[in-house]
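Here is a short briefing to read beside your sequence and model. Please keep the 3D view open as you go through the points.

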Amino acid sequence: PLSPRAKMAAAEPRVAVTAPPGYTGEGRPGGAGKRGGGGVLRLTGLSPSALAVKFGARQRSPHCLLVKEHRVREGPGDTHPPQRTLFVLNVPPYCGPEALSRLFARCGAVQSVDLRDKPGPGEKAEKGTSKFLTDRTATGFQVAYVVFRKPAGVQAAKALSQEGPLLISTESHPVKTGISKWIARYADSVVDQEELKAEVDAYMQDYDKKIAEEEAKAAKEEGVPDEEGWVKVTRKGRKPGLPRTEAANLRVLEREKRKRARKELLNFYAWQHRETKREHIAQLRKKFEEDKQRIALMRAQRKFRPY
Amino acid sequence: SQGLGCFSGFLVSMLVAYLVMKRKIVKVMSGYQVLRNVLQFLATTDLSVTGITLAKDTDTCLPALADFHHAFEVVFVDPSGLVNLCADMTASKYHQVQFEAKHSMEILDDRMVDGFQALLMTSKPMLRTFDHVFHLKHVSKLQSACKKMQLLNELMDRGGNYVAAALPFIVSLLTRGLARRALLVAHSLPQTPEWPIDVEPPKHKDIGSLMFGLLFVPEFAASTLVKGPQADHPEATDFRTFWGEKSELRRFQDGSICEAVVWEASTICQKRLIPEQIVKHLLKLHADIPESCICYTGALLESVIKNGKKALGTGEEDMVNVVCSYDDLSRKLWNLEGLPLTVTAVQGIHPALRYTDVFPPIPMKPIYSFHKQIKSRHLLLPSEEKPCPAYITPLKIICHMEGSGQWPQDKEAIKHIKAAFHLQLAELLQQQHQFICRPAVTHTDVYKDGYVFRLQVAYHREPLILKEVVTPEGMLKYQDTEESQRLELETSHQPYLTSSLHGLHQQHPVFGSTCRLAKRWISAQLLSDSISEECVDLLVASLFLHPAPFTPPSSPQVGFLRFLNLLATFDWRNNPLIINLNAGLTDADCTEIKNKFVAARSRLPVMFIATPKDRWNSVWTQERPSAQILQRLLVLASESVRALEEQLMNPLSSQDVKIVFRPPLDHYDVLIHLNSNQIPRHLESVDSPVKSFSRGVVKNSAGVRILFPVVDYDPAQCYLQDLREMCYRSWSDQVALMPERLNGDEGSMAFRQRMLKFQDRSNGKGGLFWELEAFNDLALFFYDKHGGDVIAVLWKPSSFQPQPFKVSNMKGRTVTTLNNELVCVPNIEAILEDFEVLGEGLVKSVEARTEKWTI
């Protein structure tokens, strides 16, 4: 009996990869894959498949990247120009932007690589100007947008899969994983005090300026009617308005309700009388049902069973 | 209630008859009143001093009660006036009954506990009742004990039954020896086995082993000194003969010269074992019972919380040192000059600061040559060639700053201001107290006395600001967000818990050790990441705060056994576990919590723990454990408690208690073996490793001007994090689940109901996790963070189902056609190799044990 591992090796290569429409690639030359039990499979080297990538030469089983031309109707300002962008699915965690751009460099000069957790427009990292205060991004399987300088790069990349599995980590450009990566990560986590201080100071100055500006603006607008004649009531000034919070709203509503209840006449009309009775009976029924359930629960809970 | 000299049902009925005769019980009383009266009578009357009789007429020719007292230990005379019903009972047994009666009365009076359940429905095996238990392996040794104690008369009275003859004397000997330490010395009843009519009756030595239980007074149980009378008093000789050569003359601080016995013990863990020394010494001296015959189980489990083989103590002293250093630091923080705002509170939240860290930090100083040095920034980095440096835990401390109008009201700005505070704290501490500090955005690390403290500044309004949401109409709303909840947990719940449990540890000195044992067990079962540490702390705290029907544990072993039992038997589905920390809940509150719990059961976490500060949310069990993990935990706990008690009850076995700390690995799909030189906490593993590596530190706290050591760097944890991120599957599933979790609509009810069914299905060891739908991951990873060298992986069964091709489904999957439809299935072969790639240098081998992925 073979160990699972050995069997795995023996059965290799058996992953037959196909690509869904729109995603391109060429079948990795390989025998007909076999999937036990399912009766699924048959495959020829001709059928289209995705781009196979491996970490290094040592690994046997490749991952498949699915590549596709990026086509989205979007307004200007989108960072991924439709003609020149390649949309890549299923990027393994150890494959960073550098490695990815190196992979696709053979198809044409790469302008930028954008790795994301999920596809979609999403805000570009314009906020991430701060080096320190951004959260570390997750490193699962990601999607990437590779922007080439020329549209030809996209076509070349789509045809790339004929060349067998690509290697992410090569001897000339090793990708750090494991211990060395963690040590690097630890080293990165140590911040430079001076730099951090400068950044925080700059940010706080900006912030203070912003706040001061807002305040000045509010002070200027205070009590001055706008073009339609409305006056904005703020919490400041001689006649402060109510704060617009949920709690304050609820309080007002509650007060209103009480006021209305005081005014209302109870059991004045015949229909009111009827309705109260009906409600009363409905409530009794509901309570009865609830009690029944509770007793059933108590009975189920009881550990003491003398019989 | 069985065996020689038991307090049997017959005796109880006679006692009730006596009470009826005395008109203490009358016909109209209910069963509960009768029970109370009997308990009351038992609790208040000592039959070993004032006997009672059922005989009505006082006949002068009958023996008087005094005569009975002369002949027997416990006196309860039958109606004829001639027979003592309690003839075989020892005084100790009666005292035990009396103690229980007293205790039961207290429980009945306590309105917080369900007296019926606790008193009449819970069994109290000796192992779980008594703090220390020891066995007398061979009762035949009692024969020589009889000889030594000159008990020939008694021997004849009992027809040569040397066990029955010697037992009362041995117990009274122990009671005297443990006078101030033990509340109760109890013994098991000798059981006479049945035998077929045609064979020889069994000998006295065939009754198996005798078991003794000790219940301690926590204040005195561990004192090293027994002070006797003054040397010139007549009692001094008596004292000397009792203790033998151990007794010596000592001069005390008040000038008196007394006889005294001093026991050797340097650490707290050894001190807990002084009763063992006493028992062994006394039995050898007075009863001729050699030490080899006594099998003492008091601290067998403690070896698993000792760090390394050579460690003497169980680290309780280290914990005290940490707390001292922390106190000093907090004082210095209070008095720090030059901060724009004053510090209003300094609160520790690390488990070591509440005495419940499994392995408390030890002061350490790094060896430079072992690390890569970066002199310009005064710090050390782990080096790739050397084994991984020792793990230094940062001790987290929350430092609350005074509120002021100067605080910005915007979350980004608050973060920046906090970063500025961290920088300034570091600078000031360095200037004023010469500590070495390393500031970062979210904290400042301070190296002090060989420990690393992680200071975190908190602003009390920040959670509120994080909750603010402005609706489209411009209304301000407060909504819990993940970030605000986490912050609230850190800055308000954790400090409160830490300080309450710190107080609890002062009341019950073994609380910490019990907690550590419990946590060690959970992490040894690879489940430490699936249940929060605070949750375990609270579970253990409940044993001390609501011990009924037991007394609060006074030894870690009994505490641990009860913890396992609690886990295994508590009905999580139908009951909330209410823990009354600092007595902050009244019984009205408890009823309210229970009622609300029942009403909202389907929306609450599977494990619900309520404390005074957290009545409706059960913050520590919100996320973890899931129903599947809890189920697994319950099964493991009941198996462990069974195995452990079997081991401890059998004095003739090897008593290898570590078996419950070795996890079963055969259920897992993949095992990832790790290189032990890259596991910084390898020494902490249950079975001490054969080979140990230098970790580049010396135990020393003297360092002042040094480079900052490597803190919080554990490759195994980094690896786990990477693995989990890799196998964290699709975000779209996650989004789909969110509404279910937020509002309690029908769908979520059904979802919860399904999760709650777990307890009905406790069919034991068969399948491991039945319904893993609740997880979004491709696989689950399990690891013992205390030096485990294997990561166990469990594939989620449903993830092998081929799924229709969607952009969101393509994570680590490959596309194939099934019946002419495009589907994607996980690319397991590649993922297995990724396991190796991701953990390069750390992973020794990846062992796939099942081939579930082939469909």
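The points below cover folds, salt bridges, cysteines and a surface patch.

This is a predicted model, in which local features need pLDDT of at least 70, side-chain atom pairs count only at pLDDT 80 or more, and totals for chains, interfaces and linings use all residues. Residues are numbered from 1 along each chain as its sequence is written, chains are lettered from A and ligands numbered from 1 in the order in which they are written, and side-chain values use heavy atoms, with hydrogens and water left out.

**Chain layout**
- Chain A has seven helices and six strands; helices (H or I, at least four residues) and strands (E, at least two) are DSSP runs, numbered from the N terminus.
- Of the 307 residues in chain A, 32% are buried, where buried means under 20% relative accessible area, exposed over 50%, and partly exposed in between (1.4 Å probe, protein chains only).
- Chain B is split into domain 1 (1-109) and domain 2 (527-662), with bounds from an automatic or database domain assignment.
- Taken over C-alpha atoms, the centres of these two domains of chain B are 38 Å apart.
- In helix α4 (residues 91-109) of chain B, 14 of the 19 residues are buried, so the helix is largely enclosed by the rest of the structure.

**Salt bridges**
- Over all chains there are 36 salt bridges, each a side-chain nitrogen of Lys or Arg within 4 Å of a carboxyl oxygen of Asp or Glu.
- Lys415(B) and Glu483(B) pair up at 3.4 Å, N to O; this links helix α14 (residues 411-433) to helix α16 (residues 482-507) of chain B, with the partners 68 residues apart.
- Asp445(B) and Arg454(B) form another salt bridge, their closest N and O atoms 2.8 Å apart; Asp445(B) is buried at 0% relative accessible area, and Arg454(B) is buried at 12%.
- A network of salt bridges links Arg354(B), Lys519(B), Glu533(B), Glu534(B), Asp537(B) and Lys785(B).

**Cysteines**
- The count of disulfides over all chains is zero, a disulfide being a pair of cysteine sulfur atoms within 2.5 Å.
- The closest cysteine sulfur to that of Cys293(B) is in Cys295(B), 11 Å away, which is too far for a bond.
- Cys293(B) is buried at 4% relative accessibility, and Cys295(B) is buried at 9%.

**Surface of chain A**
- Leu265(A), Phe268(A), Tyr269(A) and Trp271(A) make up a nonpolar surface patch with about 480 Å² of accessible area together.
- Patch residues have over 30% relative accessible area and no salt bridge, with like charges joined within 9 Å and nonpolar side chains (Val, Leu, Ile, Met, Phe, Trp, Tyr) within 5 Å; accessible areas come from the Shrake-Rupley method with a 1.4 Å probe, and for residues only the protein chains shown count as cover.
- Phe268(A) sits in the loop between α6 (246-263) and α7 (270-301) of chain A, and is exposed at 52% relative accessibility.
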